[in-house]
Amino acid sequence: YTIDALGPGSRINAEVRAANVVGFGEWSGSRDAEYVKTHFETDPLKPLQPKPPSHVTQTARSLVWRMALPHPMGSPVHMIKLRVAIKEPIQDLKEIEIPVPGMDEKCEGFEVVQEVTGLEPGMSYFADCVAYNAVGESPWSEISAFARTDPDRPLKPDPPFSKIQTPHTIDVRWTLPY
């Protein structure tokens, strides 16, 4: 007998009994110590694609991103990887692995929040993410809407210098702070 229309990681408990012209026999019973396997589970799959990260808040040198866990497809999501970059498409500027302990198969929609530090002030950043379960890696999310770090006052420049002087002019130069 095939039980279909189950999702990945679905669990069922099965008991059987025999019937003939005289009637029905007793149920096999999942409590019977001699009956070894009455619990069955479909195989899990990789998680579904997560939604793009959303920007929560920012400072001059950091952005906070929120990510919703995708459907785990029968195996709990145990990690999210977040990539943050200045340009689209994402180039691995910052990549952060975020453990997600204690999740079960009902983790879909649970949100993970992560601050990304060490960013440049006044710059626009994009992000994407991927989820992991025991089976493997989900597809990468779509790229997020851009988020901009706050502007910051410039750093102190190096002292000015001059290599060219004439009787009537002085060429003054300096190095921009980064």
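This is a predicted model: local features need pLDDT of at least 70, side-chain atom pairs count only at pLDDT 80 or more; totals for chains, interfaces and linings use all residues.

Student: What is the average pLDDT of the protein, and how many of the residues score at least 70?

Tutor: pLDDT is the predictor's confidence in each residue, on a scale from 0 to 100. Here the average is 88, and 91% of the residues score at least 70. Residues 32–36 have a pLDDT below 50, and beyond near neighbours in sequence this stretch makes two contacts in the model.

Student: What is Ile-80 in contact with, leaving aside its neighbours within four places in sequence?

Tutor: The contacts of Ile-80 include Met-67 and Leu-69, then Ile-96, Glu-97, Ile-98 and Val-100, and also Cys-129, Val-130 and Ala-131.

Student: How many salt bridges does the structure hold?

Tutor: Side chains of opposite charge can pair when their charged atoms come close. The structure holds six salt bridges. One of them joins the side chains of Arg-11 and Glu-41, at 3.0 Å from N to O. Arg-11 is in strand β1 (residues 11–13) and Glu-41 in strand β2 (residues 39–41), so this pair ties together parts 30 residues apart in sequence.

Student: Is Arg-11 buried or exposed?

Tutor: Arg-11 has a relative accessible area of 55% and is therefore exposed, the cut-off being over 50%. Glu-41, at 43% relative accessibility, counts as partly exposed.

Student: Which residue forms a salt bridge with Arg-66?

Tutor: Arg-66 pairs with Glu-111, and their closest N and O atoms are 3.1 Å apart. Because Arg-66 lies in strand β4 and Glu-111 in strand β7, the pair ties together parts that are 45 residues apart in sequence. Arg-66 is partly exposed at 31% relative accessibility, and Glu-111 is partly exposed at 44%.

Student: And where do Lys-81 and Glu-97 lie?

Tutor: Lys-81 lies in strand β5 and Glu-97 in strand β6 (residues 94–99), so their pairing ties together parts 16 residues apart in sequence. Lys-81 is buried, with a relative accessible area of 13%, whereas Glu-97 is exposed, at 51%. Lys-81 and Glu-97 also belong to a network of salt bridges that includes Glu-95.

Student: Last, the surface. Which residues form a nonpolar patch there?

Tutor: A patch of this kind is built from nonpolar side chains within 5 Å, on residues with over 30% relative accessible area. In this model Ile-170, Val-172, Trp-174 and Leu-176 form one, with about 450 Å² of accessible area together. Ile-170 lies in strand β11 (residues 170–173) and is exposed, with a relative accessible area of 59%. Leu-176 is in the segment after β11 and counts as exposed at 52% relative accessibility. Between Leu-176 and Pro-154 the C-alpha to C-alpha distance is 9.2 Å, with 22 residues separating them in sequence.

Terms used
Residues are numbered from 1 along each chain as its sequence is written. Side-chain values use heavy atoms; hydrogens and water are left out. Contact means heavy atoms within 4.5 Å. Patches are made of residues with over 30% relative accessible area and no salt bridge: like charges are joined within 9 Å, nonpolar side chains (Val, Leu, Ile, Met, Phe, Trp, Tyr) within 5 Å. Accessible areas come from the Shrake-Rupley method with a 1.4 Å probe; for residues, only the protein chains shown count as cover. A salt bridge is a side-chain nitrogen of Lys or Arg within 4 Å of a carboxyl oxygen of Asp or Glu. Helices (H or I, at least four residues) and strands (E, at least two) are DSSP runs, numbered from the N terminus. Buried means under 20% relative accessible area, exposed over 50%, partly exposed in between (1.4 Å probe, protein chains only).
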